[in-house]
Amino acid sequence: MEKLTVRICTGTLCYIMGGSELQLLGDYLPESLTDRVEIRGATCLDFCNQEGNGTAPFVLVGDELVTGATVAKVVETIKQKLG
């Protein structure tokens, strides 16, 4: 079974805008999803330098961009992606 990749931006802006708490995302995932998700940090996803992307922190759930990411928003997006 292919895992859903979640990339959390750990760049300075994302980190200070709340990305630091996203590093604990795995602790908040329901047990039924933990083996279906691969969580990775990304030095910088570079969305903060592109106009119209919303606000940091940024997280990519598969190919879907989550802006103003919180643990709750990211978990909800993962649930939607995995059905």
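In this predicted model, Arg7 has a bridge partner in strand 2, namely Arg40. Arg7 also has a bridge partner in strand 3, and that one is Leu60.

- Strand 1 and strand 2 run parallel where they pair, with 6 bridges between them.
- Strand 1 and strand 3 pair in the antiparallel sense, over 3 bridges.
- Strand 3 and strand 4 are antiparallel too, and 3 bridges link them; here Leu60 stands opposite Leu65 of strand 4.
- Put together, the 4 strands make an open sheet in the order 2-1-3-4, and its pairing is mixed.
- Strand 2 (37–42) and strand 4 (64–66) are the edge strands, each of them pairing on one side only.
- On average, neighbouring strands of the sheet are turned by 20 degrees against each other, ignoring direction.

**Helix 1 and its two sides**

- Helix 1 spans residues 12–22, and its buried residues are Cys14, Gly18, Gly19 and Leu22.
- Why do these residues sit on the same side of helix 1? They cover an arc of only 115 degrees around its axis, which puts them there together.
- A general rule is handy here: an α-helix has 3.6 residues a turn, so residues three or four places apart point the same way.
- Thr12 and Ile16 are exposed, on the other side of helix 1.
- The cover over the buried residues of helix 1 includes strand 1, helix 2 (25–28), strand 3 and helix 4.

**The nonpolar cores**

- The largest nonpolar core has 17 residues, and the members that touch the most others are Val6, Leu22, Leu25, Val59, Val61, Val74 and Ile78.
- Strand 1 (4–9), strand 3 (59–61) and helix 4 (71–82) are the elements that give two or more residues to this core.
- Which element gives the most to this core? Helix 4 does, with 5 residues.
- Apart from this core lies another one, made of 8 residues, including Cys9, Leu45, Phe47 and Ala56.

**The chain as a whole**

- How many helices and strands does the chain have? There are 4 helices and 4 strands, and along the sequence they follow the pattern β-α-α-α-β-β-β-α.
- The radius of gyration is 12 Å, close to the 12 Å that the globule rule gives for 83 residues, so the chain is as compact as a globular protein of that length.
- Taken along the principal axes, the C-alpha atoms fill a box of roughly 35 × 20 × 20 Å.
- Of the 83 residues, 37% count as buried.
- Among contacts between residues at least 6 apart in sequence, 63% join residues at least 24 apart.

Note on methods: Residues are numbered from 1 along each chain as its sequence is written. This is a predicted model: local features need pLDDT of at least 70, side-chain atom pairs count only at pLDDT 80 or more; totals for chains, interfaces and linings use all residues. Side-chain values use heavy atoms; hydrogens and water are left out. A nonpolar core is a set of buried Ala, Val, Leu, Ile, Met, Phe, Trp, Tyr and Cys residues joined through side-chain atoms within 4.5 Å. Buried means under 20% relative accessible area, exposed over 50%, partly exposed in between (1.4 Å probe, protein chains only). Two strands pair if DSSP finds at least two bridges between them. Axes are lines fitted to C-alpha atoms, for helices over the stretch in contact, and angles run from 0 to 180 degrees between N-to-C directions. The arc is that of the directions from the helix axis to the C-beta atoms. Contact means heavy atoms within 4.5 Å. The radius of gyration is taken over C-alpha atoms; the globule rule is 2.2 Å times the number of residues to the power 0.38.
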